[in-house]
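Morning, everyone. Please have a look at the model on the screen, and then I'll walk you through it.

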2 protein chains.
Amino acid sequence: MSKVRVHMMISADGYVAGPNQAPDKPFGDIPEGFLRWVFELRSFRQDHGMEGGKDGPSSDVLGETSANLGATIIGRNMFGGGTGPWPEPAWDGWWGENPPYHTSVFVITHHPRAPLVMQGGTTFHFVTAGIESALDQARVAAGERDIRIGGGANVVNQYLAAGLIDEIELHVVPFILGGGARLFDNIGSPPPELEVIRVVPSPEATHIKYRVIRD
Amino acid sequence: MSKVRVHMMISADGYVAGPNQAPDKPFGDIPEGFLRWVFELRSFRQDHGMEGGKDGPSSDVLGETSANLGATIIGRNMFGGGTGPWPEPAWDGWWGENPPYHTSVFVITHHPRAPLVMQGGTTFHFVTAGIESALDQARVAAGERDIRIGGGANVVNQYLAAGLIDEIELHVVPFILGGGARLFDNIGSPPPELEVIRVVPSPEATHIKYRVIRD
């Protein structure tokens with residue numbers, strides 16, 4: 001059965017990005033170590049076409065993110081290209097010629113654009129009809145496989161508010177950001193209940209997977 | 001070597017109390033399950049003079065809180081009695097005749113009052129000279145044993161901002177509160193760095209202990 005999953009890094013104080021986010025700085029102001037541990041993992045490097053890297057529980061957990069994955073949904077900020085109509089020459093995303101998604105990726109935006117076929121199985125589709133339309137299209141692309149809501153926080157929160165998320169895995173990193181983008185913000189009242197499915201400890205992050213209980 | 005420790009329940013979205021906190025409702029609006037699991041633990045029941053209860057990793061972790069503890073510091077809200085001068089008849093706290101602290105407890109308040117000797121080893125001392133004075137007095141009382149900053153969030157954040165905390169253990173409960181009192185709020189910039197000391201998983205809570213790195 002296809003699941004809708006979220007996997008996000010989050011600080012000890014509940015932020016998934018730091019203060020002063022901007023179109024050219026999607027993570028805002030963060031200490032270098034907040035992301036560095038991910039770049040060093042074997043599974044992350046493999047998804048990004050790089051060799052080597054560190055094995056261990058964090059690599060295993062991050063590697064699961066792309067297992068049985070059939071489609072990805074992200075917000076415009078995660079694709080890039082500013083906030084208005086698409087710039088000329090057209091912005092092809094942060095992710096290089098061979099993006100790490102290796103699935104159809106549905107980009108939620110106000111500005112229509114033709115699909116963009118990249119190397120390695122990634123095709124970006126630009127969805128202007130809102131989050132439910134993006135999920136419908138992702139379900140068709142994914143079939144029996146899972147769908148990842150990739151972020152940012154605002155997109156995940158919209159899907160949470162709509163009751164459309166099955167699982168949330170938080171990679172709780174030992175940093176305090178003190179401000180920025182908050183997960184679980186403005187998701188309606190009462191908020192959904194959670195159930196702990198699994199916890200994987202590591203020095204880099206505490207990986208906590210929750211099932212979102214949907215009535 | 002005496003340590004200054006924090007042990008707090010915190011929601012998946014980073015709140016240690018829910019919205020609408022009030023003098024007679026120190027945890028604000030929270031779902032019943034947010035606290036219930038604690039009341040059921042053997043170690044908690046033991047500290048509160050009750051028999052029975054549930055064994056397991058969460059009981060063990062909560063039981064450590066009072067091990068080697070020599071003094072406790074809490075804010076006025078955790079002691080109770082409103083926010084102004086002490087009421088008549090004098091408020092003796094939320095905690096009954098035999099409070100669960102079993103140490104000297106330094107209550108930070110703007111309103112002086114004579115010490116209050118309770119059963120079971122708890123004596124409340126009322127400190128009007130601020131957080132550093134409360135810690136100095138707690139160090140004298142604790143000797144080689146540890147000092148717990150009991151809360152609420154505002155008191156813990158003041159001690160964090162002052163660089164006076166050694167360890168923080170978060171009992172991350174699988175609930176979304178959506179608002180309320182936040183730990184790590186307004187603690188200055190840059191915030192202190194954290195190091196994961198230990199993680200204990202359980203269905204009730206993910207217990208993450210951090211060392212606070214002090215320069």
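Let's start in chain B, with strand S1, residues 4–11. This strand is mostly covered: of its eight residues, seven are buried. Keep in mind that this is a predicted model.

Which strands does S1(B) pair with? One is strand S7 of chain B, residues 146–151, in the parallel sense, over three bridges. Look for Val4(B), which stands opposite Ile147(B) in S7(B). Another is strand S8 of chain B, residues 167–173. Here seven bridges join the two strands, and they again run parallel. In that pairing, His7(B) sits opposite Glu169(B) of S8(B).

Now the chain as a whole. How many helices and strands does chain A have? Six helices and 11 strands. Its radius of gyration is 17 Å, close to the 17 Å that the globule rule gives for 215 residues, so chain A is as compact as a globular protein of that length. The C-alpha trace spans about 45 × 45 × 35 Å along its principal axes. Buried residues account for 42% of the 215 in chain A. Take the contacts in chain A between residues at least 6 apart in sequence: 63% of them join residues at least 24 apart.

Last, the two copies. Rotate chain A by 180 degrees, with 0.0 Å of shift along the axis, and it superposes on chain B with an RMSD of 0.0 Å. The copies are thus related as by a two-fold rotation axis. The same surface serves both: 100% of the contact residues of chain A recur in chain B. And which residue of chain A comes closest to the rotation axis? Gly14(A), with its C-alpha at 2.7 Å.

Note on methods:
Residues numbered from 1 in each chain as written. Chains lettered and ligands numbered in written order. Predicted model: local features only at pLDDT ≥ 70, side-chain atom pairs only at ≥ 80, totals over all residues. Helix = DSSP H or I, 4+ residues; strand = E, 2+ residues; numbered from the N terminus. Rg over C-alpha atoms; globule rule 2.2 N^0.38 Å. Buried ≥ 20, exposed ≤ 12 C-beta atoms within 10 Å, placed from the backbone. Contact = placed C-beta atoms within 7 Å. Least-squares fit on C-alpha atoms with pLDDT ≥ 70 in both. Pairing = 2+ DSSP bridges.
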